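Dear colleague,

Please find below the structure that I am handing over to you.

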Amino acid sequence: MTNADLEKLVDTTDEWITTRTGIKERRIARDMATSDMAVEACKRAMEMAETKGEEIDVLVAATVTPDYKLPSLGCVIQEKLSLPNAVAFDVVSACTGFINGLTIANAYIETGSYKKIMVVGVEKLSTFVNYRDRNTCILFGDGAGAAIFAPSHNGRGVQSTFMKSDGSMREMLWSKSGGAAFPVTEEFNFDGTDKVMMNGSDLFKVAVKEMGNAATEVMQKAGVDSSEISIIIPHQANIRIIEALAKRLKLDMNKVFLNIEKYGNTSAASVPLALDEANRQGRINEGDYVLMVAFGGGLIWGSALIKW
Ligand code: UT7
C-alpha cells in the first residue's frame with residue numbers, strides 16, 4: 001500500500017507522509033492470517049540456523065494481532081510448523097515484543113531451562129488500523145521476522161538486555177474497545193475505538209527519550225562505548241525519531257539500519273525484519289556489536305546488545 005493509495009482513503013499527501021515519517025510503502029497481508037506470516041518467517045529462520053522443528057524447546061510469539069483471542073498465536077504457529085517438543089506462548093509488548101521475547105530467551109538459556117528458543121515478532125496491523133483516521137493509518141504495515149537463540153560459549157551472543165514499562169501512559173497508544181473493560185456488544189457503534197488510537201506527538205517525545213536511555217543502559221551494562229557499536233537496529237516507527245535517537249547516542253546515521261520506507265511501522269515485527277534484512281545484506285559481520293532498541297504501546301521499551 002503506497003502513500004498514493006492512502007491519498008485516496010484519507011486527507012493526506014505523499015509529501016506529508018514522507019517528510020513527517022519517512023514511510024513510502026507498507027505491506028498488507030491480504031490472504032494470510034498472522035500465523036501464516038509467522039510460519040513463513042520461522043521456516044526461513046530454521047533454514048538459516050539449520051534447525052529442525054523437533055529441536056525447538058520454546059516458541060515465543062510477540063504480537064498484538066493474534067489470529068484469535070484464545071488460544072495464543074504461539075500455539076497456532078506450533079501446530080502449523082510442527083514443533084512437537086516445544087512450549088509455545090505469546091508476549092504482548094507491542095513494538096517492544098521481539099526484544100521482550102529475546103530477553104525471555106536469553107534468561108531461559110542463562111538459567112539452563114531450555115536450549116533452543118525461537119522468537120517471532122509478527123503483526124497483521126491492517127486488521128487493527130482505522131483507515132478513516134489519518135493520524136494512524138498512514139503509519140502501520142504487516143510483517144513477520146524470526147530468530148533462533150541457543151547457548152554460545154565463545155563470548156558471542158547476547159551481552160546485555162534492558163526492559164522498562166510505564167502503564168500510566170497507556171492511553172497514548174491503545175485500543176479501547178473489544179477487551180473485557182469495554183466489550184464489543186450488540187450496541188457497539190464501531191466508532192473506531194476498537195482500532196489503534198494514538199497521541200502521536202506526546203508519544204514521539206517519550207520515544208526519543210526512553211529509546212535513548214534504553215540504548216545507553218545496555219551499553220553501560222556491557223561496558224561497551226557507542227563508538228564500538230557496528231550497527232544499530234532501531235524500531236522503525238518514524239525516521240525523525242530514529243534520527244533524534246542517533247544524535248542523542250552520537251552515532252552516525254550510516255550505522256543505523258533503516259527499512260521504514262518500505263514497511264512502515266510493523267510493531268513487533270519491526271526489529272526482527274530489520275535485523276534479518278541487515279544480516280542478509282551482509283551488513284553484520286562476526287564479532288560486531290549489534291544494538292537493538294524499541295519502544296511501543298504499554299508504554300513499554302527495551303534494548304539488547306548482541307556480539308554477533
Ligand atoms: O510504534 C510505537 C511508537 N510510535 C511512535 O512513537 C509514533 C510517534 N509519533 C509520530 O511518529 C508522529 O507524531 C506522527 C507521524 C504520528 C505525527 O507527526 P507530527 O509531526 O507529530 O504531527 P502532529 O500529530 O503534531 O500533527 C501535525 C499536523 C496536524 O494538523 P494541525 O493541527 O497542525 O492543523 C495534524 O492534523 O499534521 C496533521 N496531520 C496530517 N496531515 C496530513 C496528521 N496526520 C496527517 C496526515 N496527513 N496523515
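Helix α3 passes helix α4 in a right-handed crossing. In this predicted model, the axes of α3 (residues 34-48) and α4 (residues 73-81) come within 9 Å and cross at roughly 60°, which makes α3 oblique to α4. On the α3 side, the contact is made by Thr 34, Ser 35, Asp 36, Ala 38, Val 39, Cys 42, Lys 43 and Met 46; α4 contributes Leu 73, Val 76, Ile 77, Lys 80 and Leu 81. By class, eight residues of this contact between α3 and α4 are nonpolar, two are polar and three are charged.

The second pair consists of α7 (residues 200-222) and α8 (residues 239-248), whose axes cross at roughly 40° and come within 9 Å. The two helices α7 and α8 are therefore oblique to each other, and their crossing is right-handed. Residues of α7 in the contact include Phe 204, Val 208 and Met 211, while α8 supplies Arg 240, Ile 241, Ala 244, Leu 245 and Arg 248. The contact of α7 with α8 comprises seven nonpolar, two polar and three charged residues.

An N or O atom in the side chain of Arg 240 is 2.8 Å from an oxygen atom of the ligand. For Arg 20, the corresponding distance to a ligand oxygen atom is 2.9 Å, and a polar side-chain atom of Arg 134 lies 3.0 Å from an oxygen atom of the ligand.

With kind regards

Definitions and conventions:
Residues are numbered from 1 along each chain as its sequence is written. This is a predicted model: local features need pLDDT of at least 70, side-chain atom pairs count only at pLDDT 80 or more; totals for chains, interfaces and linings use all residues. Side-chain values use heavy atoms; hydrogens and water are left out. Axes are lines fitted to C-alpha atoms, for helices over the stretch in contact, and angles run from 0 to 180 degrees between N-to-C directions. Helices (H or I, at least four residues) and strands (E, at least two) are DSSP runs, numbered from the N terminus. Angles under 35 degrees count as roughly parallel, over 145 as roughly antiparallel, 65 to 115 as roughly perpendicular and the rest as oblique. A crossing is left-handed if the near helix is turned anticlockwise from the far one by less than a right angle, and right-handed if clockwise. Contact means heavy atoms within 4.5 Å. Ala, Val, Leu, Ile, Met, Phe, Trp, Tyr, Cys and Pro count as nonpolar, Asp, Glu, Lys and Arg as charged, and the others, Gly among them, as polar. A polar contact is a pair of N or O atoms within 3.5 Å; within protein, one must be able to donate a hydrogen and the other to accept it, and residues adjacent in sequence count only if both atoms are side-chain atoms.
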